[in-house]
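This briefing sets out selected features of one structure, grouped by topic. Please read it with the sequence and the coordinates at hand.

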Amino acid sequence: MTGAQRRQSNWTPEEDQRLLDLVETGKSWVFISANLKRPAKSAHARLAYLGRQAIKTEFESGNVSKR
């Protein structure tokens with residue numbers, strides 16, 4: 001394997017948190033990819049998934065404001 005490639009595996013809660021922390025601090029996708037040892041496309045997709053899960057959780061808890 002070369003670069004940020006890695007065998008396919010599930011994301012751990014620690015990796016999820018590290019991804020969120022790196023995005024929050026404004027790191028580049030190249031840096032995030034290298035740090036997590038995952039393709040940038042995979043990291044970006046995981047971020048989108050986590051965002052959808054957060055919205056779903058908020059909706060299910062009834063905390064979504066009605067427009």
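The side chains of R46 and D16 make a polar contact at 2.8 Å; such a contact is a pair of N or O atoms within 3.5 Å, where, within protein, one must be able to donate a hydrogen and the other to accept it, and residues adjacent in sequence count only if both atoms are side-chain atoms. The model is a predicted one, in which local features need pLDDT of at least 70 and side-chain atom pairs count only at pLDDT 80 or more, while totals for chains, interfaces and linings use all residues. Residues are numbered from 1 along each chain as its sequence is written, and side-chain values use heavy atoms, with hydrogens and water left out.

- R46 belongs to helix α3; helices are DSSP runs of H or I with at least four residues, numbered from the N terminus.
- With a relative accessible area of 19%, R46 is buried, a class that means under 20%, whereas exposed means over 50% and partly exposed lies in between (1.4 Å probe, protein chains only).
- Leaving aside residues up to four places away in sequence, R46 touches W11, D16 and L19, where contact means heavy atoms within 4.5 Å.

**Helix α3**

- The 22 residues of α3 (residues 40–61) should span 32 Å at 1.5 Å a residue, and the distance of 32 Å between the end C-alpha atoms agrees with this; the expected span is 1.5 Å times one less than the number of residues.
- A43, R46 and L50 are buried in α3. They cover an arc of only 55° around the axis, which puts them on the same side of the helix; the arc is that of the directions from the helix axis to the C-beta atoms.
- The buried residues of α3 pack against α1 (13–24) and α2 (29–36).
- K41, I55 and F59 are exposed on the other side of α3.

- K37, in the loop between α2 and α3, has a phi near 55°, a positive value in a residue other than glycine.
- K37 is exposed, and its relative accessible area is 56%.

**Charges over rings**

- The charged end of R38 sits over the ring of W11, 4.1 Å from the ring centre; this requires NZ of Lys or CZ of Arg within 6 Å of the ring centre and within 35 degrees of the ring normal.
- K27 lies over the face of F31, 5.3 Å from the ring centre.

Terms used
Helices (H or I, at least four residues) and strands (E, at least two) are DSSP runs, numbered from the N terminus.
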